[in-house]
Amino acid sequence: MAYGLQILSNTGTLVWDSTTVNGGLVVDLKEFAPGVSGGVFSYPNWAGHSAFLITNDSPSLVSLSTSSGMPVVTVANSSTEGREYALAVL
Amino acid sequence: MAYGITCTNTSGQLTLDSEGFLLGYLGKATFVSLTHASGDSIFSQAGYATYGFTSPGTGSIVCALGLRASGSSGARIESVTRTGSNTWSIRVIDTGTVTEGYNNLYWTNLTNATIYVWGVPSSVSGYGAALYNSAGVLTADLTKRPMIFTERVSFADNVMSTTMGSYVKPAIVGHTNSFHNLATDTGVGGTPWFNTQYKGVWEWDGSTTLTRGDILNTADHDDGPGLTTLGHAATSVLIIEANGLP
């Protein structure tokens, strides 16, 4: 490679190449107890990037639109089970 | 940026930034227990399997379900719940091969679901490289395999199958978003409505077809009104090539 960053396994196998892997950097993870609402993700460092939530809950990946000001996402867990949400930006 | 590190791919998308987390692979969850279908002639509910995972740190985790190349047999991660400072319980719905109970509901007799776990870094390894954010928080341990999203696959409303790429061992992150309900008026006095609620499971044909199948999750007789009928809403999920993950 002429630029970027590579990560190799301990056997020398290439496992990650910053120039070719799909985008989607996790910038925050939050846990939500059952029924908890109002969890807020903010990601001002990445204003202008598109973003989505990663979760095993429904819906799985939520595409989010960033505002020109402070990108903020509010998440509620209406389930009776605990949930984890990760916010990824592209 | 005035400090730290940022990497992008050739499309300009972020792939690494010392202010964001690079999730590292932690291992597989292990089987804990099976819960049978339960209930009676009025209300019954399908069973599930429980898996456990002990993380090396106290940060959050992200789980991916390994897809079985088994056509109509499917599974789904139902929930991921913290049970202690570094312990987690993962509930899996699985069609298995057995039905039981008052409405022939499924319970899984399978104990071999594969659940891959990634997490935020908790400590450095003493070798390799690590990243910290501006607050001094460890954000990447570059000795661990990063979570790589090979592709994102989408389903439109009420579309049950789609095509994905070719994989050796695909794993999926995400929900089928398939909670459809059916209500039938049986005309029987007392509790004329027979309501059934279905939940989706992931089915893979061993090639490039990914399907969100339905399994009966709950069934109940009620005096009405019947449940609102729901379809299969659109969803998007992530696919990961899990081949080679220990």
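**Exercise 1. Find the residues with the most contacts inside the largest nonpolar core, which has 27 residues.**

Step 1: Know the term. A nonpolar core is a set of buried Ala, Val, Leu, Ile, Met, Phe, Trp, Tyr and Cys residues joined through side-chain atoms within 4.5 Å; buried means under 20% relative accessible area, with a 1.4 Å probe and protein chains only.

Step 2: Look in chain B, where Ile90(B), Ile115(B) and Leu210(B) have the most contacts inside this core.

Step 3: Apart from the largest one lies another core of 23 residues, among them Ile54(A), Ala88(A), Leu23(B) and Leu238(B).

Before going on, note that this is a predicted model, where local features need pLDDT of at least 70, side-chain atom pairs count only at pLDDT 80 or more, and totals for chains, interfaces and linings use all residues. Residues are numbered from 1 along each chain as its sequence is written, chains are lettered from A and ligands numbered from 1 in the order in which they are written, and side-chain values use heavy atoms, leaving out hydrogens and water.

**Exercise 2. Classify the ring pair of Tyr25(B) and Tyr116(B).**

Step 1: Recall the rule. Rings of Phe, Tyr and Trp (its six-membered ring) pair if their centres lie within 6.5 Å; planes under 30 degrees apart count as stacked, over 60 as edge-to-face and the rest as tilted.

Step 2: Apply it. The centres are 6.5 Å apart and the planes stand at 45 degrees, so the pair is tilted.

Step 3: Check burial. Tyr25(B) is buried at 8% relative accessible area, and Tyr116(B) is buried at 5%.

Step 4: Widen the view. Ring pairs join Tyr25(B), Tyr116(B) and Trp118(B) into a cluster.

How values were computed. Buried < 20%, exposed > 50% of the residue type's maximum accessible area, 1.4 Å probe, protein only.
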